[in-house]
Amino acid sequence: MRADSVGYSGLDFVVPSDSADLPRSPCRALHIGGTGTVVVDPADGKTTAVAIPVVAGETLRLQVKRVRKTGTTATRIMAAYGPITKRPPFAPTDFQTLLLWNRSDKVTLAGNLVGTWPDLSGKGQDATASGAQRPTWIADAGNGQPGLVFDGSANLMTSASILTLGGISQLTVWFAGFGSVGATAEIIEYGPSVATIAGTWNLVVDANSASDVQATTHGGATIATEFFSPGTFAAPSFLVVTYDISTAGTQAVIRYNGAAVSTTHGGTASTGAFIDNLVNYANRSGGSFLWKGTMQEVGICTGLLSSSQISQLETYLKSRYRSF
């Protein structure tokens, strides 16, 4: 195989091992020959034995120091080294501040039910569900991309471990999908959605306002909210939301399908830092306010992405999930 066929120079076949790092650790990427799961130790050393579903022909652009034998079922794996000779397409892993990334083409299924939604950031923050809580996976939820369908009555997922934010006060969150409006429900929630708990946030469908979707930060007895009414949330859409609780004033801003939306600020919220907590998908902490809709991608970066980074992210989301 020629090096330029995957966009990198320097390729070695990988012999998975539970005890030995790659000979030229770390590699810049892994090229996958046969579909399965690859279990890796990321080069940052913060996590070990991260299991990532992969498909034949995929290039997993993640710096890796070890490919483990136990749990790895993908075949014909090659490690890519050396300088990039051809820039690969953008992916959220290009962001050094990436904290969490779920995409609907990477799931662990039992039949068509999703038990695990792997975190592709390399941080090991998988979302999980069991029994009746498991959403249904469909192969084409729009624009040829799969999706996780939440029924609004029993389906929900929660991150398998607590996200440790280390006292930061700014986040960038994105979501691709679509769903019902007209009933109050949580699309994504970080921490318990209670106005007296500072350092939490959510992305919620609110039936009690004129909006379809709103983003909220919580703190003390006050809330900072940005909301909008795009007219429909029934077709594949994407949102990019920035949260900033470092100062009072407007603390959440929404972009919808690549454009800024009219917003209203709901009060003067408390300032401070985000707490360490779980991420809830399609529900409020504890399994209430369940959302009915389809999720295709969720991502979180620490800090505020720059305008050029947001443009890059939105171009990627539009190409992947929108047909216009």
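**Working chat on a predicted model**

Trainee: Where is Ser-104 found?
Mentor: In this predicted model, Ser-104 sits in the loop between β8 (98-103) and β9 (108-110).

Trainee: Is Ser-104 buried or exposed?
Mentor: Ser-104 counts as buried, because its relative accessibility is 1% and the cut-off for buried is under 20%.

Trainee: Which backbone oxygen does the side chain of Ser-104 reach?
Mentor: The side chain of Ser-104 reaches the backbone oxygen of Pro-146, at 2.6 Å.

Trainee: And which residues does Ser-104 touch, leaving out those up to four places away in sequence?
Mentor: Ser-104 touches Trp-117, Trp-137, Pro-146, Gly-147, Leu-148, Met-295 and Gln-296.

Trainee: Over how many bridges do β1 and β7 pair?
Mentor: β1 pairs with β7 (residues 78-80) over 3 bridges, in the antiparallel sense.

Trainee: What is the bridge partner of Phe-13 in β7?
Mentor: Met-78 is the bridge partner of Phe-13 there.

Trainee: Now the backbone. What kind of peptide bond joins Ser-25 and Pro-26?
Mentor: That bond is cis, with omega at about -5 degrees. Pro-26 belongs to the loop between β1 and β2 (29-31).

Trainee: What about phi at Arg-76?
Mentor: Arg-76 has a positive phi of about 50 degrees, although it is not a glycine. Arg-76 lies in the loop between β6 (64-68) and β7.

Trainee: Why point these out?
Mentor: Because most residues other than glycine have a negative phi, and most peptide bonds are trans.

Trainee: Is Arg-76 buried or exposed?
Mentor: Arg-76 counts as exposed, because its relative accessibility is 54% and the cut-off for exposed is over 50%.

Trainee: And what is phi at Asn-143?
Mentor: Asn-143, which is not a glycine, also has a positive phi, of about 60 degrees. Its place is in the loop between β12 (136-142) and β13 (145-151).

Trainee: How does Asn-143 count in terms of relative accessibility?
Mentor: At 35% relative accessibility, Asn-143 counts as partly exposed.

Definitions and conventions. Residues are numbered from 1 along each chain as its sequence is written. This is a predicted model: local features need pLDDT of at least 70, side-chain atom pairs count only at pLDDT 80 or more; totals for chains, interfaces and linings use all residues. Side-chain values use heavy atoms; hydrogens and water are left out. Two strands pair if DSSP finds at least two bridges between them. Helices (H or I, at least four residues) and strands (E, at least two) are DSSP runs, numbered from the N terminus. Buried means under 20% relative accessible area, exposed over 50%, partly exposed in between (1.4 Å probe, protein chains only). A polar contact is a pair of N or O atoms within 3.5 Å; within protein, one must be able to donate a hydrogen and the other to accept it, and residues adjacent in sequence count only if both atoms are side-chain atoms. Contact means heavy atoms within 4.5 Å.
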